[in-house]
Every structure is written in C-alpha cells, then in structure tokens.
Amino acid sequence: MVERARCTGCGACAAVCGEGAVTMERDREGFCYPILNAARCTHCGRCERACPIGKAGTGAGERLYLGARAKEADARLAGSSGGMFPLLAAQVLEDGGVVFGAAMGEDGQVRHIGIERPEDIGRIARTKYVQSSLARVWEELPGHLRAGRPVLFCGTPCQAAALRGCFGGDANLLLADLICYGVPSPGIWERYVRFLERRCHGKFQSFFFRDKRGKDNGQTVALTVGGQEYTRPLHQDPFCRSFFYNVNIRPSCFRCPYCTVQRSSDLTLGDFWGIEEVKPGWDDGLGQSAVICHTPAGKRLWSRVQEKTEWFSCREEEVANARQPRLREPVKPSRRRSLYLWFYRWLPFSVWIRFFSR
C-alpha cells in the first residue's frame, strides 16, 4: 500500500482486487482509505499497479491553452466557470456516449454517476467542494468501454490519473480534469448537512456552492432545505470557510503532484482567474473558463464544440498566473487544521461550527 499521507482515496486498488482483500473505509477525519485484509491477499500486485501515486502523466504533444466561455448564457449558468463542461458533455452524449461526473444526491452525499440524457447534464455540471465517491464509476465504466461507447469522465486530477492508469489504453475514454484547490472531507460535509437540517427544520434538498444569479462569478452559496431557499456569500458559509482556510482538506492535497500543467488527462478545465489582465472587458460576472488541451483526443473534442463558444488562445503563464496557483504548487496546510479536526471528533457540531464561524 502507498504511504498514507499520499493516498488520494481514489479506490482503484479496491476496484481491481479480485479477492476482495481491499476495502475503502473512513478514518477519523472523514476521508476514505484502503484497508487490506491480509488473510485474503494473494500478493498478485494488481492494487499496486492500479495506484496512480508516483505515476503522474505528462500528456502528449504540444498543449493548447485557451480562454473560453459558452455563447449561451444558460450553459454558463448551468455549469461552473465559463460553462465548458456542459458543452463537452452534450457533444459526447450526441455521439451516443456516456458522461461521468460528480452529482449531489438528496441525502447530500457526493458520488460520481454516469448520465446518458442531455437533461441530466445539470446534475453533474456544478461545482461540489466535497470529495466524491468513484464506486459507481469503477462498477459501470468498464462495461461501456467494452461496448465501444465513447465515455467522458470529469473529476479531480488524481481521479483522472487513476482512470488513466486502469483504462488508459482505451481510445474511447476521454478524461477531463479540474484545476483543483483540494478535496474537503465527505465526513465533515455530511455532518454539516445534518446540521443544516436541524437548524432550518427541514429535509436537505440541494446545495449550490457557486451560484451565479448575482453575476458575481459564483461567489454566492444557495441551499434549499425543507422547500426554503437560503443564500449567503460563499466565504460566509461555515463549511466553505473551513475549505478556503485549508482545515478540512485531504492530507494528500498538500503534496499533490498534479498542481502543474502536466496532467494525465486529455483536457483540463477551471476558472480563468485574472482574465481581466489578459483579456480586458471579458469579465461579465458569469464566469470564464481556462481550458488546456493536453492530447490530440482532447483537441478533437474541443474543436467539435468550439463554434458554440467565444474563445481566444493564450500562453501557459497567462493561465497559470498568480491568481491560479493550483497550476504551480499545492495548497498549504493550515496551522489550525489539527485543532479544527479535534473539534470535529469530540465536540457537538453546533459548538464546533460556531467556533470556526468567527
């Protein structure tokens, strides 16, 4: 097994183990890690070969750097950044394919699911600041590839690297990864959801981390509990505050090898922060996308949606600028992280969240 502090929790090792010797279980911080049942292990080495750690890809050929946004305002409102993922997903579905992305269920849990209908794109298009489960991807994706269907997967760079390691030789698999800040704890998020239900006296229904109705580049949180919608500035939400203060982020994120333009994916998507310095007048508050095409397959998919976008070519340093440090270095751990997680383990949530909301 890989060193614990480097484990991303992708679940590839458990997925490929034919003996059921590896299972994914949550630790005290609410993150999943592989647990080995030595009695069932045959030492075949499949789990080690599937693990993406230490195998960061470099893509192929010359990269293409772009600033882009969907022409249709609805596509931008439905997605994050400039609405590029909904366009890419719609194209793959039009080709008879399947698209996998992170969806938030009515129970608040975030899981990757596969969709086959355009009307379902909205379920997987929005930002979720929670580490998602890939269990359904590992279960369903191989069958689609065996059937020869095109598959688009969108997730974090470490998730994309895990899929590349297991299915990288299949030309039907397209991988889009995100410019990722880090992944927060699913365990902490679930406790926050239950807290919201108690506080708002109703059942959790939805949570949008980056609502754009105010044309503020998604700096508003919108949640619905018990049929009532509540909104607040992104940085005033207690869970989001803990995320941006780097206290609920997975330990491996502090050593992330994918905080570079060199990725294992075909495409990288993210916010084009600082676009006003590169393309004055473009920032209209609905979000702009940075797009990096790493491979010929990524460039081909981009070319098929290009006419539905407004875009411009740019240089690497204009995308990986001071406003977008996650293309240059990992996030730094907070000195308050240990105290925050001690509160999470031992104190009632109402007390703990009040402490960190100051």
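How do the residues lining the second largest pocket divide into nonpolar, polar and charged? They split into 12 nonpolar, six polar and three charged. Here Ala, Val, Leu, Ile, Met, Phe, Trp, Tyr, Cys and Pro count as nonpolar, Asp, Glu, Lys and Arg as charged, and the others, Gly among them, as polar.

A quick word on the ground rules. This is a predicted model, where local features need pLDDT of at least 70, side-chain atom pairs count only at pLDDT 80 or more, and totals for chains, interfaces and linings use all residues. Residues are numbered from 1 along each chain as its sequence is written, and side-chain values use heavy atoms, with hydrogens and water left out.

## Pockets

A pocket is an open set of points on a 1 Å grid over the protein atoms alone, where a 1.4 Å probe fits, with protein on both sides within 12 Å along at least five of seven lines; lining residues have an atom within 4 Å of a point. Volume is the space filled by probe spheres set on the points, which are joined across faces, edges and corners.

| Largest | about 1,000 Å³ | 44 residues |

In the largest pocket, Thr 127, Tyr 129, Ile 179, Arg 210 and Asp 271 are the closest to the centre. Strand E11 (267-271) gives the most to this lining, with three residues.

## Helix packing

H8 also packs against helix H13 (residues 337-346), at about 55° and with the axes 12 Å apart. Axes are lines fitted to C-alpha atoms, for helices over the stretch in contact, and angles run from 0 to 180 degrees between N-to-C directions. That angle makes the pair oblique, the class left over once under 35 degrees is roughly parallel, over 145 roughly antiparallel and 65 to 115 roughly perpendicular. Gly 187, Ile 188 and Arg 191 of H8 meet Tyr 340, Leu 341 and Tyr 344 of H13, where contact means heavy atoms within 4.5 Å.

H4 and helix H11 (residues 296-305) cross at roughly 95°, their axes coming within 10 Å, so H4 is roughly perpendicular to H11.

Technical notes: Helix = DSSP H or I, 4+ residues; strand = E, 2+ residues; numbered from the N terminus.
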